[in-house]
Amino acid sequence: MSSQEESAGKKQAIIRCESVYKIFGNNAKSMLRESDGIVDSKRFMEAGLIVGVNDVSLDVIKGEILVIMGLSGSGKSTLLRCISRLTDATSGRIFIEGQDILTMNHKQLVELRRNRMGMVFQNFGLLPHKTVLENIAFPLQVKGISTRNSVQRAMEMVHLVGLEGRENYFPRELSGGQQQRVGIARSLAVEPDIWFLDEPFSALDPLIRKEMQDEFLRLQGVLGKTILFVTHDFDEALRLADRIAIMKDGVVEQLDTPSNIVLNPATEYVRKFTEDVPREKVLRVRSVMEPVTATEVFGDLKVPVDAVIESVAEKILGQEKPVAVVNSNGEVVGTLYASHVLKVLFGGKSGKPEQH
Amino acid sequence: MTFLTKYSKVAQFAVLLAVFFLLCLLISPSESSYLWRLPPLLKQLPAIINESVDYLMFDWWPVQVYDPIIEDYEEEALFREFTRAISGFFLFVINFIREIFLGGNKTVVAFTSWDFINQNPWVRWPALPWTVITGWAIILGYRLQGLRLAILIAVCTTFIAVFGQWKPSMETLSFILIAAPVSVILGLTLGIWAYKSRVVEETLNPLLNIAQTMPHYSYLVPVIVLFGVGDHAAAIATIVFATPPMVRLTLLGLKKVPVDVVDSGMMSGCNKFQLMLRVLIPTARRDILIGVNQTVMQCLAMTVIASFIGAQGLGSNLMIALNSLRVGIGIEIGLCIVLIAVVLDKLSLAWANKQTDYFANLTFVQRNRYTLLALVVFLVGTALAWIGTFLFKEGFNYLYIVPHNKGITTAPFWQAAVDWVWDTFFYSLNSFNEFLITAVLVPMKNMYLRMPVVATFVLMMGIGYILAGIRQSLIIGGFLLFIALSEYWDRALITAYMASFAVVVSTVLGVIIGTLCAQNSVASKGILLICDFLQTFPSFIYLIPVIMLFGITDTSVIIAAIVYATVPATRYTVEGLRSVPQVLHDTGSMLGVSRMQRWLSIELPLAFPHIMLGVNQTAVFALFMVIIGAFIGTTDLGQLILKAISDPQGTGIGLTLGLCVAFMGLAVDQIIRTWANERKKALDMN
C-alpha cells in the first residue's frame with residue numbers, strides 16, 4: 001500500500017481528501033473533537049449519531065477513474081457529496097486542485113461548480129418541466145450564457161450522447177437509459193475537468209447498464225476527465241476503474257487497482273467480494289508475467305502488457321514456448337508461462353502486486 | 001383476561017363510557033357547581049381584545065400626518081394609517097378591474113378629483129363589451145386545455161350574460177381577481193419562507209390550523225374594525241381565508257421535490273435565487289398550481305359571506321333574494337356563482353396540468369397567435385357593440401353590457417316549482433320536519449345540554465387518550481378548557497349537537513354510497529367526478545334548495561350540513577377502498593371469500609384509516625355549514641357570531657366565538673388525524 005500511495009503522490013492529485021469525517025446528528029462536531037479522531041461508530045450510534053464517513057484520506061489523480069465501491073450505508077455517496085460539497089464535511093480537509101473547498105464561500109462554490117465540476121445522479125435529477133435540450137442547456141443558462149450559444153453547445157452534447165431527434169422530448173417521455181444520457185450530457189455541458197458520477201447506472205436494467213458502461217468508457221476515452229465514480233456493484237467497479245476504493249461503515253477498507261484487489265484483498269470483507277470474481281476477466285497480463293531472463297526462447301506470439309487475460313488466454317494456452325510480453329513500444333518487458341497463468345487464475349492468492 | 005388483552009381498546013372504551021354516564025347521572029344541574037359548568041373566567045377576553053384593538057387603532061405609535069383639508073398636520077395612530085393605506089390600495093385596484101369590465105369613472109377620480117369629473121362629465125372609462133370578455137375567456141380555455149374547455153366556458157359565460165347576471169358577476173369577479181392573486185403571492189411567499197426555515201414552519205402550522213377551522217363569519221368582525229366596510233374589506237377577509245391552502249400546498253410541493261433534482265440544480269451551479277426560481281418552484285409547479293386552484297375556490301366560497309361586509313356582486317344579490325324568500329332568483333344567482341366557480345376551477349386546473357413551452361423555432365405569428373386572436377376578438381366585439389347602439393333603440397345595448405335583471409329569467413319557473421313542491425308535499429315535508437325536530441333533534445339537543453362539563457371533558461379526553469395518546473389528550477383538554485371557560489359553553493353544545501348529528505348521518509351515507517360505487521371502476525370515477533363538482537359549490541349554495549323545501553328551521557341547516565358533509569365522506573371511502581392493493585383482492589378471492597367477507601375483513605380494515613380522515617373532513621365541513629346556517633336562524637355559536645357583525649364591540653366577541661368553533665374542529669381533527677396516520681403507518685398504506 002505505501003509504495004502505491006507514494007507513486008500516486010508523484011502524479012498530479014486533482015482531488016485530495018485529508019481525514020474527512022462526516023457525522024450526522026446534533027452535536028457531531030463536539031463529539032468528534034472529544035473523540036480525538038478515533039471514531040467508534042457503535043459508540044456514536046448509542047449517542048444518537050450516525051457516522052457517514054470515517055477518517056477518509058485519498059487522492060484522485062488527473063485523468064484517472066477512481067471508483068468508490070461499497071454496499072448501501074457504507075458512506076460512499078456521503079463521501080462523494082462531501083467532495084462536491086452538497087453536504088458539509090464535519091471535519092477534515094478537501095482540496096480541489098490545491099484549493100480547500102471547505103473554506104470556500106457560497107459564491108466561490110457556485111463558480112467552482114459552474115466551471116470545474118459536473119455530476120450525474122442515480123435518479124437522474126432531470127428538471128421535469130424542461131425538455132432534453134433545455135435540461136442540457138440549463139447549467140449554461142445558469143452561468144448566463146446566451147440562449148443561442150447555450151442551445152448550440154447543448155446540441156453538441158445531444159450528439160455526443162446519441163440523443164439526436166429527441167432534443168424536444170420531456171424527461172417523462174424517455175426511457176431510463178435515455179434519461180441518464182441526458183443527465184450525462186448535462187453534466188458535461190460546461191466542459192468540467194472533474195466528473196462525479198453517483199451510482200449513475202444503478203437505476204437501469206442490466207442490459208442497458210452494460211450498454212451505458214461501454215458508452216461511459218467510450219466517452220472517457222475521448223474526454224479524459226478526472227472521475228470519481230460511486231457504485232455498489234463490484235463488477236461495475238472492476239470493469240470501469242483505474243483504482244477502486246472499497247468502503248465499509250464509512251472507512252476505506254482498501255484502495256488499489258482492480259487486479260491487486262482481486263489478487264490480494266486487504267481484509268476479510270474485501271476478500272468476500274473477490275471470491276466469485278472471474279479473474280481472467282479482471283487481471284491483466286502485467287500481473288501474471290515473469291521477469292525476462294536472458295536465456296528465454298520466445299515463441300512467435302507476443303501479447304501486450306495491458307491486455308486482459310481473457311482476451312489472450314486461448315492463444316497463450318496453445319503455446320508450448322513461453323510467450324513474450326511487450327509494452328506499447330514493442331519492447332519485451334516480461335515472460336508469460338501458460339502453466340503459471342493457469343495457476344494464478346484458478347489457484348490460490350499467488351499473484352503479486354501490480355507495479356505502476 | 002385474554003379478551004381484555006385482545007380487545008384492550010374496546011374494554012377501555014367500555015370503561016370510559018361507563019364513567020361518562022355515571023358522571024352524567026351523578027352530577028345534577030346546578031349553576032353553582034363547577035362540576036356542572038365551569039365559571040366564565042374568560043368572560044373578559046372579548047373586552048380585552050376590543051381594548052387592545054382600539055389601542056392599536058387609535059393610540060399606539062402616534063405619527064404626524066398631513067391633512068389636505070384642514071391644511072395642517074394631525075396626529076394619527078401609525079397602525080391606522082397603515083390599514084388605511086392598505087384599504088385605499090385595495091379599493092383602487094378593485095375599482096380599476098371593475099371598471100375594465102364594466103366601465104365607470106372612479107379610477108379617473110383617483111388620479112384627479114370629483115370636481116374634475118363634475119366639470120367634464122364625458123370622462124368615463126368605457127366598459128369592455130361582454131362579447132369581448134367572453135371571447136377572451138374562450139381563447140384562454142382553448143389555449144390552456146382545448147376545445148372542450150372552450151365550449152364549457154362559452155356556455156357558462158353566455159348563460160351568465162343572457163340571464164342578466166353579467167354586471168353582478170363581473171363585480172364578483174373583479175374582487176376575486178384581486179383577492180386571489182394577492183392570496184397566491186402571499187401564500188407562495190410564506191410557503192417558501194416556511195420551506196427555508198423550520199422555525200417559521202413550526203410557527204405557521206398552528207396558525208394555519210386555526211385559520212382553516214375558524215368559521216368564515218368570525219373573520220368579518222375584526223376586518224370591519226381594522227379596514228371598514230366595503231369591497232376592499234371583503235377582499236381582505238377573503239385573502240385571510242384563502243391564503244392558508246396556498247401556504248400548505250407550496251410547502252408540500254417544495255418538500256416533495258426529489259433530492260436528486262435539488263442536488264443537480266446545485267451542481268449545475270445555481271445560486272440560491274436560481275435554485276428557487278428555476279429548479280424548486282418549477283418542479284413543484286403542480287402542487288403549487290393546485291394551491292392556486294384551491295385559493296380561487298376559497299375566494300369564491302367567500303363571495304356570499306363577504307357580502308355581509310359590503311362586497312358587491314352576486315353574493316349580496318343572493319343574500320337579498322334569500323332574505324326576501326325569493327327562491328327563484330336565488331337559484332338563478334346561485335347557478336351563476338356555481339358556473340363562475342366551475343369556469344375558474346377548470347381554468348386553473350388546466351393551467352396546473354399544462355406543460356410550459358420549450359425552445360422551438362416559431363415564427364412571430366405562431367408564437368403570438370393567441371394574442372393576435374384576442375386582439376381580433378376585441379376589435380370584433382367593440383364593432384358589434386358599436387353596431388348595437390343602432391340596433392337597440394330602447395336604451396339597453398345588449399351587445400355591450402347586458403343590464404342587470406333585464407335578460408331572460410327563469411325565476412318565475414323556479415318560483416313556480418318551489419310553490420308546486422310546497423303545495424304538493426307540504427304535509428309530508430312538514431310532518432317529516434316536525435317528526436325530525438320533536439322526535440330526534442330536540443331530545444338530542446337536551447341530552448347534549450344535560451351533560452355536565454366534567455363528563456364532557458372525561459369523554460373527549462378519554463377518547464383522545466385511547467386513540468391518540470396522552471399528549472393529544474392534553475391538547476384536546478386545552479381546547480375544551482378555552483370553550484368551557486368562555487361564556488359560550490351552552491351555545492357550543494348546541495353547535496356540537498347539530499354538527500355531530502350531521503356527521504353521523506353523513507358518515508353513514510358516505511360510507512354506503514362510497515362502498516357501493518367503489519365496487520367498480522367506472523362508478524368510482526363517476527362518483528369522484530360528482531364529488532369534485534359538488535365541492536366547487538361555495539358552501540352557501542347548499543342552503544338554497546333546503547330553504548326551498550324546509551323553510552327556515554334547524555332541519556334546513558342540518559340537512560344542508562348533511563349534504564355538504566357527505567361529499568368528503570364519500571370521496572374518502574371510495575379513495576380508501578380503491579387504494580387496497582389488487583394483490584390482496586386476489587388473495588381474498590383465492591381463499592374463497594365472498595364479496596361481503598372481502599369487504600368486511602380485507603377492504604374495510606385497510607381502508608378504515610383513510611375513511612376516518614374523511615370523517616375528519618366531514619366534521620369540519622359539518623361544523624362550517626352549521627355556523628353558516630346561523631344565517632337562516634339557529635340558536636348556536638353561529639347566531640352569536642352573526643350578531644357580532646353588527647355589534648360595535650363585536651371584534652372581541654367575534655374572535656372569541658371563532659376560536660371556540662375552531663377549537664371544536666381542531667379537537668376532533670387532533671384525535672382522528674393522529675390516530676389515522678399511526679394506523680396507516682402500521683398498515684403500511686401510505
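**Close-up views of helix packing and chain contact**

**View 1. Helices H13(B) and H14(B) of chain B.** Helix H13 (residues 259–267) of chain B packs with helix H14 (residues 272–283) of chain B at an angle of about 160°, their axes lying 10 Å apart; axes are lines fitted to C-alpha atoms, for helices over the stretch in contact, and angles run from 0 to 180 degrees between N-to-C directions. That makes H13(B) roughly antiparallel to H14(B), where angles under 35 degrees count as roughly parallel, over 145 as roughly antiparallel, 65 to 115 as roughly perpendicular and the rest as oblique. This is a predicted model, in which local features need pLDDT of at least 70 and side-chain atom pairs count only at pLDDT 80 or more, while totals for chains, interfaces and linings use all residues. Residues are numbered from 1 along each chain as its sequence is written, and chains are lettered from A and ligands numbered from 1 in the order in which they are written. Helices (H or I, at least four residues) and strands (E, at least two) are DSSP runs, numbered from the N terminus. The crossing of H13(B) and H14(B) is right-handed; a crossing is left-handed if the near helix is turned anticlockwise from the far one by less than a right angle, and right-handed if clockwise.

**View 2. Helices H29(B) and H30(B) of chain B.** Helix H29 (residues 637–645) of chain B and helix H30 (residues 650–683) of chain B have axes 8 Å apart and pack at an angle of about 155°, which makes H29(B) roughly antiparallel to H30(B). Their crossing is left-handed. From H29(B), B:Leu637, B:Leu640, B:Ile641, B:Ala644 and B:Ile645 meet residues of H30(B) that include B:Gly650, B:Ile653 and B:Leu657, a contact being counted if the C-beta atoms of two residues, placed from the backbone, lie within 7 Å. The residues of this contact comprise nine nonpolar, three polar and no charged, where Ala, Val, Leu, Ile, Met, Phe, Trp, Tyr, Cys and Pro count as nonpolar, Asp, Glu, Lys and Arg as charged, and the others, Gly among them, as polar.

**View 3. Helices H4(B) and H12(B) of chain B.** The axes of helix H4 (residues 78–102) of chain B and helix H12 (residues 231–256) of chain B come within 8 Å and cross at roughly 105°, so H4(B) and H12(B) are roughly perpendicular to each other. B:Ser87, B:Phe90, B:Leu91 and B:Ile94 in H4(B) meet B:Asp231, B:His232, B:Ala235 and B:Ile236 in H12(B).

View 4. B:Ser307 lies in the loop between helix H15 (285–306) and helix H16 (314–323) of chain B. With 22 other C-beta atoms within 10 Å, B:Ser307 is buried (buried means 20 or more such atoms, exposed 12 or fewer, and partly exposed in between, with C-beta atoms placed from the backbone). Apart from neighbours within four places in sequence, B:Ser307 is in contact with B:Gly315, B:Ser316 and B:Met319.

View 5. In helix H14 (residues 309–317) of chain A, the residues A:Ile309, A:Val312 and A:Ile316 are buried. They cover an arc of only 85° around the axis, which puts them on the same side of H14(A); the arc is that of the directions from the helix axis to the C-beta atoms. The face turned away from this buried side carries the exposed residues A:Glu314 and A:Lys315.

**View 6. The contact of chain A with chain B.** Chain A gives 25 residues to the contact and chain B gives 21 residues.
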